[in-house]
Amino acid sequence: MDIRDYIRLAISEDVGDGDHTSLSTIPRDAERRARLLVKEEGIVAGVEVAKIIFEEVDPLLNVELLIQDGQAIKKGDIILTVSGDAQSILKAERLVLNTMQRMSGIATYTRSMVNLLDGLPTKLLDTRKTTPNFRIFEKLAVKIGGAINHRYALYDMILIKDNHVDYAGGIEAAITQANAYLRRTGRDLQIEIEVRNLTELDEALRIGQFERVMLDNFSLENLRKAVEKVAGKYPTEASGGIREDTIRAVAETGVDYISCGALTHQIKSLDLSLKAY
């Protein structure tokens, strides 16, 4: 599925057999205009998505973009204007707002976290902790905010986490079986192994046969020790409870990446409004 497929499903979910409020109150031939207003400071995301939503609802709507994705916005700014069939504008209104408010909240928080890494080489990653059927928009918002998308879903990478290790019978068994699976199926996927302590890291380093190691819920002291042990042989990724007040200290341990589920699963939407004028 691509982004338009998700938008069509969302329109269908909201409209059903008709927007009966607009159908009953607005003349069928009414032509009107509206503008998307900013009510809260932040980073805007979802502008291009909004344009597609309007197109999918009614390709005859005229949308003028005044602010682009990734720009800083403040209260009173106008992001876009839309004009054309009044019923179509109202049909698109809530989906545009729901999408852009959520995406802008993610982009705003992501940008603030990226800024905390200023001057350091560590890169910020998102996770799969996303809203079902909204992942494509949330991960796009993360990119607009300045971070990097980790794997998109279960199918584009092998990420061996704690439960996989426990079910497989240990670190060595999990890595060995993952590599055997790739050979058997002919798939070309990266393997990342999550380790919970320095002992598991030692075992993983002894076995090898992976591309990245995730250091999950390590203390700052153990992160530094882990980076020393890895010694540049593999990219390192810190994860687990990363917050605004800890992210820079984690990065200063020398890890290559920090993954943060809070970029998508603990977000307050940014306040926007579509108003007739």
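In this predicted model, 18 residues of domain 1 are in contact with 21 residues of domain 2. Domain 1 is made of two stretches of the chain, 3-112 and 268-276, while domain 2 covers 115-265. Between their C-alpha centres the distance is 35 Å, and together the two domains bury about 1,700 Å², of which 67% lies on carbon and sulfur atoms.

**The area buried between the domains**

- The size of an interface is often given as the accessible area lost when the parts come together.
- For domain 1 and domain 2 that area is about 1,700 Å², and on the side of domain 1 the residues Tyr6, Tyr109 and Thr110 supply 35% of what this domain buries against domain 2, which is more than any other three residues supply.

**Polar and charged links across the interface**

- Side chains of opposite charge can pair when their charged atoms come close.
- The structure as a whole holds 18 salt bridges, and across the interface of domain 1 and domain 2 there is one salt bridge.
- Glu138 and Arg102 meet through their side chains in a salt bridge, with 3.0 Å from N to O; Glu138 belongs to helix 5 (residues 135-145) and Arg102 to helix 4, so that this pair links distant parts of the chain, 36 residues apart.
- Eight residue pairs, with both residues at pLDDT 80 or more, are in polar contact across the interface of domain 1 and domain 2.

- Two elements, helix 1 (3-15) and helix 4 (86-115), each give two or more residues to the side of domain 1 that touches domain 2.
- Helix 4 provides the largest share of this side, with nine residues.
- By residue type, the side of domain 1 that touches domain 2 divides into 10 nonpolar, five polar and three charged residues.

**Strand 1 and its partners**

- Strand 1 (residues 31-38) runs antiparallel to strand 5 (residues 78-85), and seven bridges join these two strands.
- Strand 1 is also joined by five bridges to strand 12 (residues 272-276), and this pair likewise runs antiparallel.

How values were computed: Residues numbered from 1 in each chain as written. Predicted model: local features only at pLDDT ≥ 70, side-chain atom pairs only at ≥ 80, totals over all residues. Heavy atoms only, no water. Domains from an automatic or database assignment. Contact = heavy atoms within 4.5 Å. Buried area = accessible area lost by both parts, 1.4 Å probe. Salt bridge = Lys/Arg side-chain N within 4 Å of Asp/Glu carboxyl O. Polar contact = N/O pair within 3.5 Å; in protein donor to acceptor, adjacent residues only side chain to side chain. Helix = DSSP H or I, 4+ residues; strand = E, 2+ residues; numbered from the N terminus. Nonpolar A, V, L, I, M, F, W, Y, C, P; charged D, E, K, R; others polar. Pairing = 2+ DSSP bridges.
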